[in-house]
Amino acid sequence: MAECPMDLINELFLRLAATTLVRCRAVSKPCFSLIDSPEFISSHLRRRLETGQHLMILLRGPRLLRTVELDSPENVTDIPHPLQAGGFTEVFGSFNGVIGLCNSPVDIAIFNPSTRKIHRLPIEPLDFPERHITREYVFYGLGYDSVSDDFKVVRMLQSKLKGGKENFGYPVEIKVFSLKKNSWKRVCLMFEVQILFIHYYYHLLPRRGYGVLANNHLHWILPRRQGIIAFNTIIRFDLASDDLGVLSFPRALYTEDDMDIGVLDGCVCLMCYDEFSHVDVWVLKEYEDVKSWTKLFRVPKPESVESVDFMRPLIYSKDRSKILLEINNAKNLMWFDLESKSLTTVGIECDSSFTADILVSSLVLGCKGDPTEAQRRKDQMVPKSNKRDGFLSKGFKLKL
């Protein structure tokens with residue numbers, strides 16, 4: 001039988017899901033080399049983004065990850081990952097098929113659920129004593145810097161203890177990890193950004209502490225507090241320059257009491273809550289133009305929930321007539337019809353501990369497993385000293 005031309009195989013493989021391609025690597029050496037090549041990985045991802053094929057909903061629970069096919073919600077797959085053994089695992093971002101995972105501020109990894117490839121970040125010590133921070137006061141962001149073609153992780157934490165006379169406000173530590181360099185670097189704040197941390201943002205919910213990615217920047221909201229902090233502020237981290245700055249938004253929203261940030265169709269969006277009535281969604285259509293902020297739509301509170309505590313738009317439908325919304329948790333995933341303003345439940349079986357994100361089927365990070373795992377297993381065989389035991393509190397113990 002005549003051999004199939006590699007050009008035809010390449011075209012066929014571009015149409016397959018990443019999970020299928022991982023198995024196809026075993027067909028032959030040429031197929032193995034093709035699927036592992038950077039050029040094919042890039043072309044495969046580009047096709048997924050252009051066509052919207054093989055998109056999945058990532059369900060993230062305290063100890064479990066699942067994927068659900070967007071077009072076939074009945075197809076649910078459990079995704080094991082090495083950090084599960086460490087305890088409560090957070091997913092703090094998803095981009096191009098790669099997600100950020102952490103068990104503590106020093107136990108962090110980036111992971112591709114489609115290929116099961118994981119890259120553990122080197123341990124980066126904390127600047128503050130463990131008693132001055134807890135899990136809820138550490139904020140993360142996963143981003144892709146299109147300028148340098150590099151995945152980056154940002155870790156930002158604020159001490160509960162005021163800095164005193166020599167330090168301004170509540171001390172903040174910001175460090176950024178580069179996958180290309182496989183190393184961390186400290187980010188120094190300009191004074192106009194430092195003054196934002198004169199107050200302590202202790203009441204941020206953990207999910208609202210995950211940075212959202214748009215226009216090569218990660219974004220977080222520093223919320224106002226009546227009687228203490230007058231105005232809401234959006235801070236942004238430039239992934240190209242590693243600088244922290246401020247994003248302008250409409251003055252009418254400065255004093256909103258309940259506001260959250262997200263990304264819709266590549267644009268920054270803001271959600272303003274009236275928890276017992278509706279949620280207004282604003283979108284920044286032109287990134288550097290504050291005048292391009294537009295109130296895009298209003299979502300009425302579904303009858304099936306008592307109040308809207310959290311809402312985030314995830315993705316447009318293929319015909320762009322509807323938007324997939326997560327309302328409070330993944331149990332309430334709903335399609336919002338932009339014309340009729342009606343809500344339709346997706347019908348995914350999960351409990352209220354799960355949250356949702358969109359996941360692309362990609363080969364990003366490759367398919368070759370964890371390059372540090374062999375050494376990690378060797379290290380586990382060697383008796384460890386108690387040198388690190390006092391480094392972190394019980395909630396922050398590093399599980400290897």
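The exercises below, each with a worked solution, concern a predicted model.

**Exercise 1.** Find where UniProt places the feature "domain: F-box", and describe the chain over those residues.

*Solution.* Begin with the record: the unreviewed UniProt entry places this feature at residues 5–40.

**Exercise 2.** Describe how helix α1 and helix α3 are placed relative to each other, and which residues meet.

*Solution.* Two packed helices are described by the angle between their axes and the distance between the axes. For α1 (residues 6–13) and α3 (residues 29–36), the axes come within 11 Å and cross at roughly 50°. The two helices are therefore oblique to each other, and their crossing is right-handed. As for the residues, α1 contributes Met6, Ile9, Asn10 and Phe13, which meet Pro30, Cys31, Leu34 and Ile35 of α3; by class, this contact holds 7 nonpolar residues, 1 polar residue and no charged ones.

**Exercise 3.** Carry out the corresponding description for α3 and α4.

*Solution.* Helix α4 covers residues 38–51, and α3 packs with it at an angle of about 65°, the axes being 5 Å apart. From α3, the residues Leu34, Ile35 and Asp36 meet Pro38, Phe40 and Ile41 in α4. Sorting these residues by class gives 5 nonpolar, no polar and 1 charged.

**Exercise 4.** Locate Glu124 and identify its contacts.

*Solution.* Glu124 lies in the loop that runs between β7 (117–120) and β8 (138–145). When its neighbours within four places in sequence are left aside, Glu124 is in contact with Val106, Arg155, Lys175 and Trp184. With Lys175, the side chain of Glu124 makes a polar contact, side chain to side chain, at 2.9 Å.

Note on methods: Residues are numbered from 1 along each chain as its sequence is written. This is a predicted model: local features need pLDDT of at least 70, side-chain atom pairs count only at pLDDT 80 or more; totals for chains, interfaces and linings use all residues. Side-chain values use heavy atoms; hydrogens and water are left out. UniProt positions are given in the numbering used here, feature names are shortened, and annotations may be inferred rather than shown by experiment. Axes are lines fitted to C-alpha atoms, for helices over the stretch in contact, and angles run from 0 to 180 degrees between N-to-C directions. Helices (H or I, at least four residues) and strands (E, at least two) are DSSP runs, numbered from the N terminus. Angles under 35 degrees count as roughly parallel, over 145 as roughly antiparallel, 65 to 115 as roughly perpendicular and the rest as oblique. A crossing is left-handed if the near helix is turned anticlockwise from the far one by less than a right angle, and right-handed if clockwise. Contact means heavy atoms within 4.5 Å. Ala, Val, Leu, Ile, Met, Phe, Trp, Tyr, Cys and Pro count as nonpolar, Asp, Glu, Lys and Arg as charged, and the others, Gly among them, as polar. A polar contact is a pair of N or O atoms within 3.5 Å; within protein, one must be able to donate a hydrogen and the other to accept it, and residues adjacent in sequence count only if both atoms are side-chain atoms.
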